[in-house]
Each structure stands twice: as structure tokens, then as C-alpha cells.
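Open the model in your viewer and keep the sequence panel beside it. This tour says what to select next and what is there.

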There are 2 protein chains.
Amino acid sequence: MSQQSLTFAEFQKHIAGRYDAADRERGWAKTFAFFIEEVGELATALAGEGKDPENLREEFADVLAWLCTLANISDVDLCDAVAKKYLGKDRPEGTK
Amino acid sequence: MSQQSLTFAEFQKHIAGRYDAADRERGWAKTFAFFIEEVGELATALAGEGKDPENLREEFADVLAWLCTLANISDVDLCDAVAKKYLGKDRPEGTK
């Protein structure tokens with residue numbers, strides 16, 4: 001897949017292809033705990049003095065990957081979700 | 001933009017186009033707090049009895065939108081971040 005034009009659908013499918021069996025076996029609650037662990041690491045990276053751009057980028061990637069996993073095991077299509085909420089005619093004005 | 005093939009870059013740009021000035025003015029710490037508020041709402045939706053698919057989808061969208069905002073004001077390209085971490089030759093094997 002092209003990395004320049006990576007779609008939500010492609011990444012969600014990629015994560016499912018590699019990890020879906022283990023992710024579904026683990027279930028949403030433990031997966032949510034792992035997601036939160038990555039969110040904590042992102043907070044640390046954001047708050048760090050003399051931020052390390054490479055580490056910050058990696059923590060964003062990890063949070064996004066675990067969010068994709070949560071969506072996969074919840075049978076939620078992220079593209080569909082954001083399109084409906086943020087790109088449709090009923091999208092919020094001014095604030096998210 | 002096509003909703004069927006929405007890319008990370010398109011969504012990140014869309015969010016920046018609508019909210020970037022306010023988001024940068026608010027700063028990363030308050031924005032992170034708003035992100036966490038949405039993460040909490042996602043937890044509530046995941047844990048709910050008789051899960052509401054529409055609400056669950058919306059909470060995923062909100063978490064993803066605020067993660068995009070955090071990335072925007074941190075000057076992180078999410079596509080680049082996940083491509084390097086999860087699609088490159090040094091991607092993790094077996095576990096995320």
C-alpha cells in the first residue's frame with residue numbers, strides 16, 4: 001500500500017490482518033487498558049522537556065494503532081465514523 | 001474528498017483547516033484534557049450494556065478527531081508516524 005496516501009480503511013485492515021485473532025481473544029476491556037497505557041506514554045512524550053520528535057511520532061503511532069484495534073474488535077469502521085461525524089452535513093460547526 | 005477512501009492526510013488537513021487556530025491557541029495540555037474527556041466517553045460506550053452502535057461509532061470519531069488535533073498542534077504527520085512504525089521493515093512482529 002502507498003504510504004503517501006494511506007487510508008483509514010487500509011490501516012485498519014492491516015492491523016486486523018496482523019493481530020485480529022489475538023485482539024478479539026483478549027477482548028475490549030484488556031485492549032482498552034493497553035490503549036490507555038499508550039495514551040499515557042503519549043502524555044509523557046508531549047510533556048517532555050526538549051521533546052524528542054522521533055519518540056513523539058512513535059507514541060502517536062502507537063495510540064492510533066491501538067485505537068484501530070479497539071475499533072476492529074468493536075466492528076466499527078473508522079472512516080465511516082469520522083465521515084459521518086466530521087465530514088457530513090450535520091458536522092459540528094466551530095468546535096469539535 | 002471521497003469518504004470511501006479517506007486518507008489520514010486528508011482528515012488531518014480537514015481538522016486543521018477548521019480548527020487549527022483555536023487548537024494552537026489552546027495548547028497541547030488543555031487539548032490533551034479534551035482528548036481524554038472523549039476517551040472517557042469511548043470507555044462508557046464500550047462498557048455499556050446493550051451497546052448503541054451509533055453512539056459507539058460517534059465516540060470513536062471524537063477520539064480520532066482529537067488525536068488528529070493533538071498531532072496537528074504537535075506538527076506530527078499521522079500517516080508518516082504509522083507508516084514508519086507499523087508498515088516499514090522494522091515493524092513489530094506479533095505484538096503491537
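Two stops follow, after a note on conventions.

The model is predicted: local features need pLDDT of at least 70, side-chain atom pairs count only at pLDDT 80 or more, and totals for chains, interfaces and linings use all residues. Residues are numbered from 1 along each chain as its sequence is written, chains are lettered from A and ligands numbered from 1 in the order in which they are written, and side-chain values use heavy atoms, without hydrogens and water.

**Stop one: Thr7(A)**

Select Thr7(A), in the segment before helix H1 (8-26) of chain A. Helices here are DSSP runs (H or I, at least four residues), numbered from the N terminus. Thr7(A) is buried, at 11% relative accessible area (buried means under 20%, with a 1.4 Å probe and protein chains only). Now show chain B. Beyond neighbours within four places in sequence, Thr7(A) is in contact with Ser5(B), Leu6(B), Thr7(B) and Phe8(B) (contact means heavy atoms within 4.5 Å).

**Stop two: two helices of chain B**

Select H1 (residues 8-47) and H2 (residues 53-73) of chain B. Their axes come within 5 Å and cross at roughly 135°.

Definitions and conventions: Buried means under 20% relative accessible area, exposed over 50%, partly exposed in between (1.4 Å probe, protein chains only). Axes are lines fitted to C-alpha atoms, for helices over the stretch in contact, and angles run from 0 to 180 degrees between N-to-C directions.
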